[in-house]
Amino acid sequence: MEVIARHRTLLLCLAGLSATMAVTWLFFSKRKKKRQLRKVGEVSQLFLYPVKSCKGIPLPEAECREYGLKSGPLKDRHWLVVKEDKVHVTARQEPRMVLITVTCTDGRLSLSAPGMEELEIPLKLPKDNAVITCKVHGHAVQGRDCGDAASHWITSFLGSAQNYRLVQFEEKMKFRNPKNEYAAYTENGQVAYPDLSPLLLLSEASVNDLNTKLEKKVTIRNFRPNIVISGSDAFAEDTWNEIQIGSHVTLKRVMPCPRCILTTVDPDTGIINMKEPLDTLRSYRLCDTADKDLYKSSPLFGQFVKILKKGTVKVGDPVYQIVY
């Protein structure tokens with residue numbers, strides 16, 4: 001009788017497991033059938049920013065990785081300028097950082113800027129270079145020091161009274177998780193030195209709409225996006241919960257981008273005016289009253305997104321809104 005009881009229990013378990021698998025398969029098959037792609041535009045520009053707050057590199061294509069865009073050995077915001085107290089420095093404090101051009105040749109990172117000789121730094125730093133614990137918006141993250149020559153070059157160009165250092169995030173270092181740093185960021189993620197998300201997405205139509213309200217026009221470069229979309233309506237990106245780029249790269253909208261005085265830095269002159277286009281954005285792009293505690297007086301412009309499915313994105317790729 002014991003043997004029969006054990007066999008009966010086993011059969012019941014197997015039957016339950018089969019039923020669960022059948023329900024799961026039915027759920028996902030129905031969900032897959034309902035998934036539709038609706039074209040909303042195409043990729044018009046791609047930008048990678050190797051050094052946080054320095055000039056972006058326009059690209060015809062880039063790899064879309066968990067931590068952001070990658071092109072060859074260059075990864076988005078994997079280098080960072082820090083002060084003596086190891087707190088990060090951006091164009092908010094040093095607006096002329098946007099004039100620093102970053103390139104890469106033969107395994108070396110090259111920095112150039114007006115009035116400065118070009119500086120070259122090895123992409124693979126010596127292991128005896130110190131690893132520093134830095135702060136990005138108050139949150140700890142590591143970086144390997146790029147050496148005294150890089151420190152002197154950046155400090156000299158910016159005319160700083162204190163000594164600045166350049167650090168590099170390496171593959172084995174611990175990524176930051178934006179979910180632990182900002183209440184409105186509800187997804188787990190991994191980033192090196194970006195403010196929050198691995199990617200920032202913005203439409204050309206949103207910038208064009210803003211320019212109809214400005215006396216002095218701005219460009220997409222004022223807002224430092226990674227992916228720029230053309231062919232959509234203004235602020236359509238606010239409604240794209242999930243999008244597919246090309247045949248398979250899939251992105252998920254996490255939260256809107258709260259804007260700050262960095263938008264008022266002229267990307268061509270490195271001059272900060274502290275007012276426009278920020279004041280105009282505040283006149284019509286503030287959050288709903290319910291979200292005031294989160295975003296306060298920061299206008300919302302562009303969307304932070306995370307990568308659900310990796311791959312290569314190219315200028316000209318179609319962009320589809322995923323609708324269930």
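**Asn 211**

I looked up Asn 211 first: at 13% relative accessibility, Asn 211 counts as buried, since buried means under 20% relative accessible area, exposed over 50%, and partly exposed in between (1.4 Å probe, protein chains only). This is a predicted model, where local features need pLDDT of at least 70 and side-chain atom pairs count only at pLDDT 80 or more, while totals for chains, interfaces and linings use all residues. Residues are numbered from 1 along each chain as its sequence is written, and side-chain values use heavy atoms, with hydrogens and water left out.

Which residues does Asn 211 touch, not counting those up to four places away in sequence? I found Lys 217 and Val 218; contact means heavy atoms within 4.5 Å.

**Helix α3**

Asn 211 is found in helix α3. Helices (H or I, at least four residues) and strands (E, at least two) are DSSP runs, numbered from the N terminus. I noted that α3 covers residues 204–211, and that its buried residues are Ala 205, Ser 206, Val 207, Leu 210 and Asn 211. What do these buried residues pack against? I wrote down β14 (199–203), α4 (278–284) and β18 (300–309).

**A sheet of four strands**

Next I traced an open sheet with the order β5-β4-β3-β19 and antiparallel pairing.

Two strands pair if DSSP finds at least two bridges between them. I checked β4 (residues 68–71) and β5: two bridges join them, and they run antiparallel. Across that pair, Lys 70 stands opposite Lys 75 in β5. A reminder to myself: strands of a sheet pair through backbone hydrogen bonds, either parallel or antiparallel.

**Cysteines**

How many disulfides does the structure hold? I got zero, with a disulfide taken as a pair of cysteine sulfur atoms within 2.5 Å. I looked at two cysteines anyway. Cys 64 is buried, with a relative accessible area of 1%, and Cys 287 also counts as buried, at 10% relative accessibility.

**Whole protein**

Last, I noted the totals. The protein has five helices and 20 strands, and 49% of its 324 residues count as buried. Among contacts between residues at least 6 apart in sequence, 68% join residues at least 24 apart. The protein exposes about 16,300 Å², with carbon and sulfur atoms supplying 54% of it; accessible areas come from the Shrake-Rupley method with a 1.4 Å probe, and for residues only the protein chains shown count as cover.
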